[in-house]
Amino acid sequence: MNAAQLSAWYPAPSSLSSRARGWLQNRGSLTQLIQQRCRGEFRVKPVFQSLATVCRDELAVMNLRRNELALVREVYLYCGNTPVVFAHSVVAREDLRGAWRGLSGLGNRSLGTVLFTNPVIKRTPLRFRKLNSAHPLFRRACQNLQAKPPSLWARRSLFSLRGQSILVTEVFLPSILDLSS
């Protein structure tokens, strides 16, 4: 595989179950969908928030240079005591003074709640990728898992407000399928 194939995100996921497809391709608020399935046992657990370098496959999407710092926020979405999604968001440093200035104060509140309650925020189409142990987000997503799966599906999209963007990537943990019933 060449470098472009290793960093490729696709417009549709391939070869996955209908239950998994339902979660991945839902364009509404993932937070709200999980909250409905968890019946009051939903919570957000922040695990990282700081200026940091981003993943190689995020550079062009965010118009960042290699080693340029951006705000990176990572959280787990829990249903009860079980992590079901690892969420990773990136905001360019200069956008922290503009449209996304309140992002650093989210704490254990869901970013999805902010993004889906503001009608001015626009979302690009979802892109999908099956992550494996070679991808840094796979390794970070698996940190709280008892057993590490061979791969995890992820999706990402840009949300824009007043010309400034935030890239949101959601990595679906195996336990998300337990919420489908």
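**A partly exposed glutamine and its surroundings**

Modeller: With a relative accessibility of 32%, Gln-49 counts as partly exposed. The model is a predicted one, and its protein chain has an average pLDDT of 90, with 95% of the residues scoring at least 70. Confidence is lowest in helix α1 (residues 3-6), where the mean is 45, and highest in helix α6 (residues 136-141), at 97. The pLDDT is below 50 over residues 1-6, a stretch with three contacts in the model beyond near neighbours in sequence.

Gln-49 belongs to strand β1, which covers residues 42-52. Leaving aside residues up to four places away in sequence, Gln-49 touches Leu-71, Val-72, Arg-73, Leu-103 and Ser-104. With one of these, Arg-73, a polar contact of 3.2 Å is made, side chain to side chain. Arg-123, by comparison, is 74 residues from Gln-49 in sequence and 22 Å from it in space, C-alpha to C-alpha.

Strand β2 comprises residues 70-79 and pairs with β3 in the antiparallel sense over 10 bridges. Within this pairing, Val-75 stands opposite Ala-87 in β3. The hairpin of β2 and β3 has two residues between the strands, and Gly-80 takes a positive phi near 65° there. Strand β3 (residues 82-92) is largely enclosed by the rest of the structure, because 10 of its 11 residues are buried. Strand β7 (residues 164-172) also pairs with β3, in the antiparallel sense and over seven bridges; here Val-85 stands opposite Phe-172 in β7.

The charged pairs may be taken next. The structure holds five salt bridges. One of them links Glu-74 and Arg-140, whose closest N and O atoms are 2.7 Å apart. Since Glu-74 lies in strand β2 and Arg-140 in helix α6, the pair ties together parts that are 66 residues apart in sequence. Glu-74 is buried, with a relative accessible area of 4%, whereas Arg-140 is partly exposed at 26%.

A salt bridge also joins the side chains of Glu-68 and Arg-65, at 3.6 Å from N to O. Here Glu-68 counts as buried at 17% relative accessibility, and Arg-65 as exposed at 61%.

In strand β7, Glu-170 forms a salt bridge with Arg-155, and their closest N and O atoms are 2.5 Å apart. Arg-155 lies in strand β6 (residues 152-161), so this pair ties together parts that are 15 residues apart in sequence. Both Glu-170 and Arg-155 are buried. Finally, salt bridges with shared partners join Asp-57, Arg-129 and Arg-156 into one network.

Terms used:
Residues are numbered from 1 along each chain as its sequence is written. This is a predicted model: local features need pLDDT of at least 70, side-chain atom pairs count only at pLDDT 80 or more; totals for chains, interfaces and linings use all residues. Side-chain values use heavy atoms; hydrogens and water are left out. Helices (H or I, at least four residues) and strands (E, at least two) are DSSP runs, numbered from the N terminus. Buried means under 20% relative accessible area, exposed over 50%, partly exposed in between (1.4 Å probe, protein chains only). Contact means heavy atoms within 4.5 Å. A polar contact is a pair of N or O atoms within 3.5 Å; within protein, one must be able to donate a hydrogen and the other to accept it, and residues adjacent in sequence count only if both atoms are side-chain atoms. pLDDT is the predictor's confidence in each residue, from 0 to 100. Two strands pair if DSSP finds at least two bridges between them. A salt bridge is a side-chain nitrogen of Lys or Arg within 4 Å of a carboxyl oxygen of Asp or Glu.
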